[in-house]
Amino acid sequence: MFNSIKRLCEISPIAAVVMKKEGEIVFFNPAAATLIGDLAEGKNFNSFLTKNEDTLLEEVRITLKKEEEVLTFLKGEQLVFASVIFRKVDEELIVGYIRDISDQMRYVRKVRTQQQTEIALSRSSLVMKGMQEEALKEIAKVSAETLDVARVNIWRIDSSFSSITSVVNYDSGRGGFQENLSLFRHQFPDYFALMQKEEIIPTSDALTDRKTAEILGSYIKPFGITALLDVPVRIGGKMVGVICFEYTKGKRVWDVTEHNFALAIAQNVAQTLETNERQIAQKELEKALADKKLLLAEINQRVKNNFSLILDLLRLQENKVSDEKVKELFGEIRSRITSMAMIHRQLYLADNFGAINFRDFLLDLASHFRSTFSGEGIELSTMLDNCNLPMGKALLSGLVVNELLTSFTRHHLSSFRHKKLALKMNCFNEKVTLTFSVDKDDDPELPEGLTKELIYELIGRLNGKLENRAGETKDMVLSFSMN
């Protein structure tokens with residue numbers, strides 16, 4: 001049996017070692033001697049093995065057959081990874097078939113390193129903070145180390161694609177970051193056309209490849225470039241730049257993992273550029289908003305001053321007339337303008353320029369009425385929900401409330417026994433309900449005349465409804481939609 005196994009192993013291209021159960025080598029073929037080295041009959045096979053806790057071994061084991069074991073040993077100073085299948089020959093002998101998987105390990109390690117680099121760059125704080133120059137330099141340096149290239153150039157394209165200018169020019173062989181460069185389409189029309197057309201441009205021999213012939217004398221040779229991997233940078237589908245990975249140690253065939261890594265780095269560059277553009281736009285927007293707020297504040301101050309001027313003019317004119325009816329008309333006009341001024345005040349105090357807090361307006365209005373009619377013993381109480389109303393609704397409803405309060409205080413409560421008025425506001429399901437309540441012995445009916453006509457005209461514009469309700473108190477209820 002041993003002789004048969006020995007003859008098979010001698011002609012096998014696969015490394016094979018025949019050993020006793022305890023590991024003593026009794027035979028090995030030339031392929032095993034080449035793979036392991038220093039093999040000798042009588043030595044223990046286990047003495048050639050080394051302990052290795054590399055976490056990537058588990059990933060490699062997944063790709064192997066169930067009966068394969070992963071072992072590591074030293075060949076000189078070089079660590080070799082191998083898969084071994086042990087076969088029992090008889091009760092005493094075992095044959096081990098050994099396959100070198102060092103290349104597989106290097107491949108897995110390379111992919112893992114690339115993935116870790118991609119993740120680290122995608123989470124870069126420099127990118128998040130919009131520090132474009134520092135972030136791009138980080139991307140260039142780290143990706144150059146990961147891809148084992150001496151040079152990385154990140155280029156921006158002008159709007160007409162007539163030129164490209166490097167925003168980062170990294171060359172580890174010349175000390176790091178170098179002066180930025182520019183290339184022009186009229187000098188290299190074919191290469192520019194190729195960049196526009198291709199998704200990725202791999203060049204394994206930049207000195208002889210026709211793709212790089214046009215830039216050979218002015219770019220390839222001066223910088224000692226021997227192989228290229230150029231990838232477009234796109235934002236929203238539009239090409240805005242190119243990232244070039246430039247090798248300087250001879251010919252190089254770029255494998256699919258390197259293509260994928262380069263594409264991922266191009267996305268990191270795009271993210272950096274896009275974040276920076278977005279932050280610039282945000283700052284411009286914030287500045288425009290600040291300018292707008294400043295302008296609105298100035299306009300609001302002028303409007304406020306104009307309201308005050310109009311009220312002063314009306315007051316002066318009112319003082320010049322002796323007819324009490326005319327004086328009363330002036331007073332009503334001033335009251336309406338005061339109501340408009342209060343709504344305007346709430347508008348420019350609000351963060352939302354299209355809406356006001358109607359509750360705050362009503363509180364201001366109630367305070368104004370209390371001070372105006374304090375000498376007549378009229379009491380006004382409020383119970384108000386928070387309610388934000390669009391400017392148009394607030395103006396119309398504010399005028400209605402002003403007219404109703406004026407009507408109650410001047411035409412009803414001044415002669416009533418109780419002189420108490422309650423104002424309530426409820427906001428629910430996009431509907432506003434304002435309730436004006438007086439004692440059940442009083443009468444809240446509106447008198448005929450201009451005020452009543454004006455109130456119903458304003459309610460019509462509000463698409464609202466005004467109705468009387470009787471209970472423990474006599475109420476006048478105004479309701480309308482918030483929208």
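Alanine 290 is partly exposed, with a relative accessible area of 43%, where buried means under 20%, exposed over 50% and partly exposed in between, computed with a 1.4 Å probe on protein chains only. The model is a predicted one, in which local features need pLDDT of at least 70 and side-chain atom pairs count only at pLDDT 80 or more, while totals for chains, interfaces and linings use all residues. Residues are numbered from 1 along each chain as its sequence is written, and side-chain values use heavy atoms, with hydrogens and water left out.

**Helix packing around α4**

- Two packed helices are described by the angle between their axes and the distance between the axes; here axes are lines fitted to C-alpha atoms, for helices over the stretch in contact, and angles run from 0 to 180 degrees between N-to-C directions.
- Helix α4 (residues 102-122) packs with helix α6 (residues 132-147) at an angle of about 175°, and their axes are 10 Å apart.
- The two helices α4 and α6 are therefore roughly antiparallel to each other, on a scale where angles under 35 degrees count as roughly parallel, over 145 as roughly antiparallel, 65 to 115 as roughly perpendicular and the rest as oblique.
- On the α4 side this contact is made by Thr113, Gln114, Thr117 and Leu121, and on the α6 side by Glu138, Ile139, Val142, Thr146 and Leu147, contact meaning heavy atoms within 4.5 Å.
- By class, the α4 contact with α6 holds four nonpolar, four polar and one charged residues, with Ala, Val, Leu, Ile, Met, Phe, Trp, Tyr, Cys and Pro counted as nonpolar, Asp, Glu, Lys and Arg as charged, and the others, Gly among them, as polar.
- Helix α4 also packs with α9, at an angle of about 5° and with the axes 10 Å apart, which makes α4 roughly parallel to α9.
- In this contact Tyr107, Lys110, Val111, Gln114, Thr117, Glu118, Leu121 and Ser122 of α4 meet Thr257, Glu258, Phe261, Ala264, Ile265, Asn268 and Gln271 of α9, and the residues of the contact divide into six nonpolar, six polar and three charged.
- Isoleucine 265 and alanine 290 are 25 residues apart in sequence and 37 Å apart in space, C-alpha to C-alpha.

**Aromatic rings and charges over them**

- The count of aromatic pairs comes to five, rings of Phe, Tyr and Trp (its six-membered ring) being paired if their centres lie within 6.5 Å, with planes under 30 degrees apart counted as stacked, over 60 as edge-to-face and the rest as tilted.
- In phenylalanine 161 and phenylalanine 192 the ring centres are 5.7 Å apart and the planes stand at 65°, so the pair is edge-to-face.
- Phenylalanine 161 lies in the loop between β7 (151-157) and β8 (163-171) and phenylalanine 192 in helix α7 (residues 189-197), so the pair ties together parts that are 31 residues apart in sequence.
- Phenylalanine 161 is buried, with a relative accessible area of 8%, and phenylalanine 192 is buried, with a relative accessible area of 1%.
- The charged end of arginine 185 sits over the ring of phenylalanine 161, 5.4 Å from its centre, the rule being that NZ of Lys or CZ of Arg is within 6 Å of the ring centre and within 35 degrees of the ring normal.
- Ring pairs also link Trp155, Tyr219 and Phe223 into a cluster, and arginine 151 lies over the face of phenylalanine 223, at 4.3 Å from the ring centre.

**Surroundings of two further residues**

- Serine 163 lies in strand β8 and counts as buried at 12% relative accessibility; leaving aside residues up to four places away in sequence, serine 163 touches Arg156, Ile157, Asp158, Leu183, Phe184 and Phe192.
- Aspartate 364 lies in helix α11 (residues 358-372) and counts as partly exposed at 25% relative accessibility.
- Aspartate 364 touches Met342, Arg345 and Gln346, not counting residues up to four places away in sequence, and aspartate 364 and serine 339, 25 residues apart in sequence, are 9.2 Å apart in space, C-alpha to C-alpha.

**Positive phi values in loops**

- Aspartate 38, in the loop between α2 (30-36) and β3 (49-50), has a phi near 60°, a positive value in a residue other than glycine, and is exposed, with a relative accessible area of 63%.
- Asparagine 463, in the loop between α13 (450-462) and β19 (465-470), has a phi near 55°, a positive value in a residue other than glycine, and counts as exposed at 67% relative accessibility.

Key
Helices (H or I, at least four residues) and strands (E, at least two) are DSSP runs, numbered from the N terminus.
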